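Biologist: Hi! Could you walk me through this structure? I'm new to it.

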Amino acid sequence: MTKYTPIISLALSIVFLSPTFGQGSEEWWKSTTVYQIYPRSFYDTDVDGLGDLEGIIQKLDHIKKLGFETIWISPFFKSPQRDFGYDISDYQSIAPEYGDMETCKRLISEIHKRDMKVVFDLVMNHTSDEHDWFKESASSKDNPKADWYVWKDGKGKEGKKPPNNWNATIGGSGWHYNEVRKQFYWASFLEFQPDLNYSNPEVKNAMLDVARFWLGEGVDGFRLDIFNSIYEDTSFVNNPASLRIVPSEESPDGFFQKMKYNVNQEESFEFATELRAVVDSFSNPQRFMVGEVFGDVETTKKFCTYNGKDGLHTIFLFQTLSTPFKARKWRKMVEEFEHNFPVPFVPTYVFSNHDRRRSITPLGNDVRKAKLLAFFQFTARGIPFTYYGEELGIEKPLLPLKTGKDPLAQRYKSIPQFLVNWTGQSLNRDECRTPMLWDTTVNAGFTSGKPWLPVAENYNEINVESQNENPESLMNFYAQMLAFRNQIPALKFGSLEIDEDLSNGKVFAFNREFEGQRYLIVMNMSNRLLKLHDGLGEVVFTTHQESDPYDFQPWEGTLFRSAISD
Ligand code: GLC
C-alpha cells in the first residue's frame, strides 16, 4: 500500500458514491469518452486471420471494464477491401468476412445493453469503384446514374489529358480516365474510390438515406470520413500554385497546390447542416457526429456552425498528433483549442488512429510518458479518443513500404525506406493496424488462424491479460483515469483555465471547475525531479503513487482537489 492510498481511496469512495453524471443526458456526447475499434484487427472468431463483428461482441466487456462510454467502429460494410473498408460497395450490408446483418444488429444491442453508445464510420465522400452505382455510372454517358459521380471530358486533342490540375489529397492528379465513357472521373483519395457527385440531389438523398437507415437501426452517431472533400467547385477551374509540399493538419494544401476548388467548399459546410437536421430528427436519444476535416480554424469551424445553423457536433483537432510532448508546446496547443473552440464547442483529443503512428511512438515507447499523456487526455476539457491497443502501449513496428498491404504503402513504395523511418510517421499504415494483443497464447490470442498483419513481437509482456494482473500497468492506469473522469463532474463538464503560476518550461498545469468544485491538474513534462510548493490542495490521484505529491518525479502527473477562493 502506498502512502497516499487512504486519500485516494477516500476520494474514490466520495466520487463513487455520487450519482453518475452525463449518462443518458441530452448532450451525452459532450462528456463522452470514445474507444476506436479497427474491426479487422480486434478479435477473430472464425479463424480467417481477420477480426470480425462477433469478435467485437465477445470483447465488449474489456471496453466496458476500462470505463469507455462510446465505441467508434471503422467500416465493416461490404467492400472489396482495397482500402480495408474505406472503399464501400454496399452501405447497407456487412462484409461477409466480418459477419452479417443479424450480428451487426446484435452488436448494436449488446453495446446498448452495457449502457454504451456506438458510432459508425460513414464514408460519404466516395464509394468503391465496385459499387453498383459506379458500375452503372461508368457504363455509358446516358444511364440513369450517369451523373452520380464527378465526370468530366478530358483536355488535349484526344481528350486524354486531365480536365484540370487538381491533385488528390494524397498527391498526384485525382482524375482517372475511363475507356468506356472516354471521360475522366474525380477521386479525392485513391483511384478505386470515385467521389460521389453531391451536386446531384438524387445522390445527396441516397446518402442521407444511408444515414437514416443506420440511425433507424439505433446507431448513436457517425464519424465522417474525409468530410471536407464532399463538394468540388463546379466551375472546375485550376487550383492556384502553392509552395507547400506536404499537407498538414492546419492546411490541406500541398504537392505545390492550393486545394482551393476541391476541398472545404461552402456547399460542404451547408451539407453538414443538412446532415445535422437528419441526425437531429432521430432525437431520442440524441445522436452525434464527428468529422475528419483538415484546414485552418476559421474554415473547419464552419463544419460545426454555418450561416447560423448547427452542423457537425465536433471535428477532430489533429494538431494533437504533431505537437511535441513538451510543456510549453502543450500549453500553447490547449490554449489555442480553448480559444478557438470555447464552450459550447467541445474540442477533441486524439493521439493515434488507424492512419497515424501509435501514440507511444513519439514518446519513445516510454510508459511513464504514455501514462502522463492519458492523464492529460482524461482530465482535459474535450472528448478523448483512444485507439484500440493504446491502453496497452502497443508499439509501432517497422513494416517496410514495399511489403505493405495498405494501398498508400503500395502507392509510395518507391520512397526510400530510410526517409520514411526518419520521419517516424507510418506511411505504411499497416504499422498502426497490427492485431490487438489479448493474452500470451499464440498470436496474442487475436486469432488461431494466420493473422492478416504481424502480431507485435513483445506480446508476452504487452497484452490485456498480463496488464490486467499488474496494478501498475498502463491498462489499469487507463481504467483508473476513466473511473475518475466518469465520476468527477468537473473533469467532464468543467471549464478549463491554464494555471499561470505553475506552468513553465517543464510544468503544464490547468484547473477544471464545475458547480463549486475545483480540480488542479499538474504535469511534470520533463526528465527532472521537481519540487512544488505545498498548499495546492488535496491529492486525489497521482501517476506515481509512491512519491511525495510535492516531489514531482519525471513525467509525473497529479490531480488535486482545491478549495475555491472567492
Ligand atoms: C480517411 C480514412 C482513411 C481512408 C481515407 C479514404 O482518411 O481515415 O483510412 O483511407 O479516408 O477513405
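**The ligand and its surroundings**

Biologist: Where does the ligand sit?

Modeller: The ligand is in the largest pocket. A pocket is an open set of points on a 1 Å grid over the protein atoms alone, where a 1.4 Å probe fits, with protein on both sides within 12 Å along at least five of seven lines. Sitting there means that more than half of the molecule's atoms lie within 2 Å of the grid points. This is a predicted model, where local features need pLDDT of at least 70 and side-chain atom pairs 80 or more, while totals for chains, interfaces and linings use all residues. Residues are numbered from 1 along each chain, and side-chain values use heavy atoms, leaving out hydrogens and water.

Biologist: Thanks! Which residues come nearest to the ligand?

Modeller: Asp-83, Asp-225, Glu-292, His-354 and Asp-355, out of 13 residues around the ligand. To count, a residue needs a heavy atom within 4 Å.

Biologist: How many of the shell residues are charged?

Modeller: The shell has 7 charged residues, along with 3 polar and 3 nonpolar ones. Asp, Glu, Lys and Arg count as charged, Ala, Val, Leu, Ile, Met, Phe, Trp, Tyr, Cys and Pro as nonpolar, and the others, Gly among them, as polar.

Biologist: What about polar side-chain atoms and the ligand's oxygen atoms?

Modeller: Glu-292 has a polar side-chain atom 2.8 Å from a ligand oxygen, and His-354 has one at 2.8 Å from a ligand oxygen too. For His-126, the distance is 3.0 Å.

Biologist: New topic: how many aromatic pairs are there?

Modeller: The whole structure has 55. Rings of Phe, Tyr and Trp (its six-membered ring) pair if their centres lie within 6.5 Å; planes under 30 degrees apart are stacked, over 60 edge-to-face, and the rest tilted. The pair of Trp-151 and Tyr-185 is edge-to-face, because the planes are at 70°, with ring centres 5.6 Å apart.

Biologist: And the backbone: which bond is cis at Pro-285?

Modeller: The one joining Asn-284 and Pro-285, with omega about 0°. The bond from Val-343 to Pro-344 is also cis, with omega near 10°. Most peptide bonds are trans.

Key
A polar contact is a pair of N or O atoms within 3.5 Å; within protein, one must be able to donate a hydrogen and the other to accept it, and residues adjacent in sequence count only if both atoms are side-chain atoms. On a 1 Å grid over the protein atoms alone, a cavity is a set of points where a 1.4 Å probe fits but cannot get out, and a pocket is an open set with protein on both sides within 12 Å along at least five of seven lines; lining residues have an atom within 4 Å of a point.
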